[in-house]
2 protein chains.
Amino acid sequence: MALLILGHPQLGKSIANKAIIKEIQKNNSEIEIRNLGELYPDFNINAEEEQKALLRHETVILQYPLYWYNMPAILKHWFDVVFEHQFAYGSKGDKLKGKKLLTSVTVGSLEKEYKPFGKHNFRTTEFFKNIEQTAYFAQMTFLDPMFFHGTSAVDGFTEDEIKERAKRYANLLLSSVV
Amino acid sequence: MALLILGHPQLGKSIANKAIIKEIQKNNSEIEIRNLGELYPDFNINAEEEQKALLRHETVILQYPLYWYNMPAILKHWFDVVFEHQFAYGSKGDKLKGKKLLTSVTVGSLEKEYKPFGKHNFRTTEFFKNIEQTAYFAQMTFLDPMFFHGTSAVDGFTEDEIKERAKRYANLLLSSVV
């Protein structure tokens with residue numbers, strides 16, 4: 001039904017991403033989840049296997065934590081290796097054409113910190129133009145990114161609160177791709 | 001005098017970045033160059049060594065090719081691993097405070113393709129907010145990025161033309177950090 005590329009390098013150490021994945025697996029077994037950190041701990045991504053997975057689905061979800069206002073390196077490597085010439089672009093590179101790309105990102109700080117005068121100066125959406133234009137170049141349909149802000153204990157949330165909100169977020173995510 | 005972090009994963013296959021590095025080495029031996037692709041072919045970045053290198057300099061140049069409107073994975077991994085809590089941020093994380101960060105990027109397409117109605121829709125500068133905000137969060141001074149557009153043979157440049165323009169670009173880069 002949809003492919004979920006999980007770009008957390010160490011899901012075992014995650015609270016929010018782990019809770020989101022758990023809830024998705026509980027409520028929708030038709031979503032194929034590929035955990036890049038687990039599949040490729042040494043960054044040795046199998047381009048052919050990843051391309052086959054992309055071909056099986058019409059909707060691709062990127063699920064990851066925001067690291068330095070950008071995707072974790074393992075997910076960037078996935079793009080660098082899998083979105084090859086004559087697959088994602090080029091004269092015969094139309095294999096992703098028309099597929100939907102939904103970016104779903106956990107963000108430590110609260111949304112109010114992501115704007116001028118906030119701790120992070122820019123709005124969260126401003127950091128996603130690279131993925132948006134990548135989607136266009138691969139002839140994909142770019143859906144508005146979804147953000148789950150406030151996943152850090154620093155902002156006063158308990159682990160249980162984060163898990164509870166992660167569950168609700170996971171169901172919102174599911175409802176937007178079903 | 002300055003630290004240059006080279007984020008090309010395979011310099012041997014590069015035309016523009018290789019020519020830029022060659023010209024810098026010829027004209028300024030005081031710039032310390034760290035070739036991440038050569039030092040860490042398996043992505044196993046040594047955070048301590050990289051942090052020590054950062055501490056030796058007041059100006060940091062990031063030199064890399066634009067891959068999918070973003071930095072190559074090896075350079076993203078460098079940020080993820082080296083910009084640690086209590087080094088780059090946090091209550092005691094002021095080790096990069098006041099250092100200058102200059103982003104220098106080779107871009108395959110011509111600049112005219114980087115704007116609305118162009119092949120890449122957005123202006124090149126729009127893809128660099130993640131590095132800009134990373135610099136602010138680490139209390140660094142973010143310098144306006146420098147771009148070397150038109151490094152792809154697809155746009156009709158010969159290898160010699162690209163090398164020649166790369167030399168001129170390298171000297172422009174040097175003059176901006178001296």
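Is Tyr69(A) buried or exposed? Tyr69(A) is buried, with 23 other C-beta atoms within 10 Å. (Buried takes 20 or more other C-beta atoms within 10 Å of a residue's own, exposed 12 or fewer, and partly exposed is in between; C-beta atoms are placed from the backbone.)

## The model

This is a predicted model, where local features need pLDDT of at least 70 and side-chain atom pairs count only at pLDDT 80 or more, while totals for chains, interfaces and linings use all residues. Residues are numbered from 1 along each chain as its sequence is written, with chains lettered from A and ligands numbered from 1 in the order in which they are written.

Most residues other than glycine have a negative phi. Helices (H or I, at least four residues) and strands (E, at least two) are DSSP runs, numbered from the N terminus.

Over in chain B, Asn121(B) has a positive phi of about 65°. Asn121(B) is found in the loop between β4 (100-107) and α5, and is partly exposed, with 17 other C-beta atoms within 10 Å.

## Core

Ile5(A) and Ile5(B) have the most contacts inside the largest nonpolar core, which has 93 residues. (Such a core is a set of buried Ala, Val, Leu, Ile, Met, Phe, Trp, Tyr and Cys residues joined through C-beta atoms within 7 Å.)

## Where the chains meet

Chain B puts 23 residues in contact with 23 residues of chain A; contact means C-beta atoms, placed from the backbone, within 7 Å. On chain B's side, α4 (73-82) and α5 (129-137) each supply at least two residues.

Key
Contact = placed C-beta atoms within 7 Å.
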